[in-house]
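Hi,

Here is the structure I promised to pass on. Please open it first, then read my notes below.

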Amino acid sequence: MVNEELAREREYVSGLYQRLDGLRADAERELAAVRRESVGGNHQSRSERDAFARAYEDRIGQLREVGERLAFGRLELAEADDNGSTHHYIGRIGLRDENLEPLLLDWRAPQARAFYQATAATPLGARARRHLTTRGREVVRIEDEVFDAELLDEEGTALQGEGALLAALSAQRTGRMHDIVSTIQAEQDRVIRSELQGVLVVQGGPGTGKTAVALHRAAYLLYTHRERLGSSGVLVVGPSRAFLQYINAVLPSLGETGVVLASLGQLYPGVEATVDDEPAVAALKGSAEMAALIRRAVRSRQRVPEEPQTLTINGETLVLQPSAVADAIAKARESGKPYNEGRVSFVKNLLGQLTKQLAEQLRRRGSTVDDADLAYLREDIRTAYDVRVALNTAWIPLTPEKLLDDLYARPQWLASLTSHWSKAKRELLRRERGSALTVSDVPLLDEAAELLGEYNPGDAAQKRAEKQQRKRDLENARTAISNMDVDGQVSAETVVAGFAEQDAVLTTAERAASDRSWTYGHIVVDEAQELSPMQWRVLLRKAPLRSLTIVGDVAQASSAAASTSWESTLSPLVGENWRLEELTVNYRTPSQIVAAAERVAVANGLTVTRSRSVRTTEWPVDAVETATDAALGEAVRARVAEMVEQGGTTAVIAPASRLGALSSMLSERFGDDVGVGVRGLSRPIALLSPAEAKGLEFDSVVVASPEGVVAESTRGASALYVAMTRSTQRLSLVLAPGEQAPAGL
Ligand SMILES: Nc1ncnc2c1ncn2[C@@H]1O[C@H](COP(=O)(O)OP(=O)(O)OP(=O)(O)O)[C@@H](O)[C@H]1O
């Protein structure tokens with residue numbers, strides 16, 4: 001019976017692959033035809049053809065991406081649906097046959113929800129669910145669940161497709177995150193399919209799939225709200241470049257390439273900050289009072305002179321009164337425009353006053369001054385050296401970079417702005433002119449840019465005009481697409497990209513990533529507990545619709561400016577307007593490791609979000625004592641050797657101060673297999689600080705000097721908790737000389 005069923009599924013899935021190959025061949029033929037036509041015609045028709053060619057290329061790419069696990073599920077319905085079908089096959093993309101009859105349902109389609117969420121208690125119109133495990137293109141296993149009321153799971157905690165899930169969870173890690181589309185669990189699916197509007201907070205302990213869920217949610221939202229999000233874009237923010245590198249294959253494997261992935265150091269276009277400040281400095285730069293400081297700094301660059309100023313213009317002398325400057329500043333500020341744009345009104349106003357003064361002076365001496373003369377006089381005044389100096393002294397054009405550089409490098413100016421601060425606090429910001437920007441400078445630049453506006457105000461007007469034009473183009477493209485009956489094959493975005501000259505063809509994601517003032521349709525923030533109030537301000541400016549998915553675990557907060565509760569972080573930002581979902585099952589870490597990590601965390605005063613682990617492995621967590629630093633290195637090497645033997649990825653997580661010595665010792669034995677820091681993540685053995693290991697996972701982990709990890713980290717025990725929860729199979733602690741095993745172990 002099982003074999004018959006297996007044979008039947010094999011045949012069906014093989015038919016799906018045939019259809020996939022057929023569609024790809026069709027798209028390739030269409031593309032070739034469009035390319036052949038691509039000569040001649042006017043510019044408009046050429047660029048439209050280019051746009052269609054690009055759309056076909058995207059489609060071919062998408063059909064190629066889904067090679068593996070095209071179909072992974074079958075849902076048996078309790079009653080036939082509107083099309084008369086009694087079952088649906090669920091897969092990575094939707095497929096129809098030549099007659100447009102559905103063959104395969106996209107996992108994100110509404111009818112696929114039951115595949116992930118149905119239980120015997122709430123079958124959601126389904127009678128049974130089948131998981132298909134495939135190898136290459138062949139179905140190798142089927143696993144059935146029948147939603148029989150007799151089999152009710154009282155607690156409602158059953159795992160779905162347990163065999164397929166456990167196989168996925170026990171598989172060796174590769175150093176890159178994979179999609180989990182075939183084994184998404186019910187509690188995860190509810191989060192993924194939660195409505196687009198509003199602020200959704202997803203709280204869960206380590207390994208509960210928060211990152212996986214956040215990425216699948218981005219793909220789901222893009223599928224479900226393609227029109228809206230296709231043109232405004234989705235931003236996914238992660239803590240570091242290493243983390244982005246770890247997750248960056250997931251969305252393309254789900255067929256989504258239009259998402260902007262950015263680390264916290266990349267949120268200001270043109271800057272790629274990777275260096276962190278010292279914790280005390282980062283905490284200060286991240287605090288909300290910096291917003292007020294930057295506001296004061298910008299304002300203080302508008303200065304009323306104390307004395308009247310004498311200006312010489314082509315031999316004529318004019319007097320600029322402080323009251324005139326004060327008046328022009330006040331009028332320009334009233335407009336509420338950003339600083340550099342306000343300056344344009346300020347300059348216009350004063351040039352007008354000075355021109356009037358000069359004309360009167362000339363008239364008093366008997367000259368006639370008509371309107372044409374006035375224009376010449378104004379130009380003379382505008383270009384006169386004295387006038388330029390006076391205007392710039394009163395209101396100098398500024399870039400965010402210059403403002404920040406001055407703020408850090410001019411102690412007297414900083415002191416004048418922060419008289420209520422202690423000297424020691426001011427000293428934290430002190431820095432040489434031209435120093436490299438840090439991750440915590442990025443939100444300050446953005447804050448300054450928001451207040452300053454475009455350095456060249458003409459650009460601002462042009463950008464606004466371009467945005468308007470693009471909006472009109474998109475509307476036209478949508479109409480054209482529905483008129484041409486190619487809905488779903490070509491996006492308005494692609495067509496509009498094709499309108500532009502070749503070198504200006506940019507996707508929404510490329511446009512968004514290069515435009516500081518871009519506002520996204522949705523923002524996903526991973527490891528959100530790490531964000532400082534200043535980083536939140538940047539993100540909220542980019543999400544005016546307040547449509548956000550915020551994912552994290554407050555117990556894992558480790559940065560100096562991080563949050564300790566969602567309530568205290570979010571209420572100043574969005575008040576009560578957020579909803580909370582919790583993930584409770586740990587998919588990464590075996591139960592013996594979860595238990596040890598939680599005991600240590602609790603014994604060290606952390607509040608942890610407890611999670612239930614779905615499996616146990618054979619290795620107990622152990623702690624090895626050592627008497628000397630050399631013995632510590634030796635013990636780490638011995639443990640790593642055993643772990644490497646088992647295969648998969650291994651990480652050594654150690655306090656930053658020990659990385660140098662450990663790197664030499666490990667390289668001596670394992671050579672190029674050892675990678676240090678973020679750049680070494682592709683190697684089988686990674687040596688990392690706890691901060692670098694955040695969000696990542698490895699088959700086996702050695703934590704060297706746990707006390708050192710706690711001592712060197714700003715948030716102490718939470719760094720150790722993060723380090724201990726990175727493993728999918730095995731965890732060993734190697735204690736440094738004189739160290740005790742962590743309390744609670
Ligand atoms: N439903 C699932 N099916 C298969 N694998 C899953 C599932 N959910 C999570 N996983 C796997 O569990 C591991 C942990 O997931 P993830 O990194 O998203 O957790 P996390 O909550 O973000 O952890 P942390 O807080 O430690 O960063 C990953 O390997 C992920 O692929």
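T617 is partly exposed, because 17 other C-beta atoms lie within 10 Å, while a buried residue would need 20 or more. Keep in mind that this is a predicted model.

Where does T617 sit? T617 is found in a loop, between β16 (612–613) and β17 (622–624). Leaving out residues up to four places away in sequence, T617 touches P590, Q729 and R730. Q592 is another residue to look at. T617 and Q592 are 25 residues apart in sequence, yet their C-alpha atoms are 7.6 Å apart in space.

**The ligand**

Next, the ligand site. The ligand is surrounded by 24 residues. The closest are P206, G209, K210, T211 and Y587. Two elements give two or more residues to this shell: α4 (162–170) and α6 (210–224).

What is the shell made of, by class? Eleven of its residues are polar, nine are nonpolar and four are charged. Domain 2 (191–266 + 518–583) and domain 5 (591–735) each supply at least three residues to the shell.

**The nonpolar cores**

In soluble globular proteins, nonpolar side chains tend to be buried together. Here, the largest nonpolar core has 154 residues. Within this core, A218, V234, V525, V652 and M724 touch the most other members. α6 gives the most to this core, with nine residues.

Take V652 as an example. Which residues does V652 contact, leaving aside neighbours within four places in sequence? The contacts are V636, V640, L662, L666, L687, V702 and A704.

There is also a second, separate core. This core has 19 residues, including L311, A332, F346 and L354.

**The whole protein**

Some overall figures to finish. The protein has 745 residues, and 43% of them are buried. There are 30 helices and 22 strands. Along the principal axes, the C-alpha atoms fill a box of roughly 115 × 75 × 50 Å.

Best wishes

Note on methods:
Residues numbered from 1 in each chain as written. Predicted model: local features only at pLDDT ≥ 70, side-chain atom pairs only at ≥ 80, totals over all residues. Near = placed C-beta within 6 Å. Helix = DSSP H or I, 4+ residues; strand = E, 2+ residues; numbered from the N terminus. Nonpolar A, V, L, I, M, F, W, Y, C, P; charged D, E, K, R; others polar. Domains from an automatic or database assignment. Core = buried A, V, L, I, M, F, W, Y, C linked by C-beta atoms within 7 Å. Buried ≥ 20, exposed ≤ 12 C-beta atoms within 10 Å, placed from the backbone. Contact = placed C-beta atoms within 7 Å.
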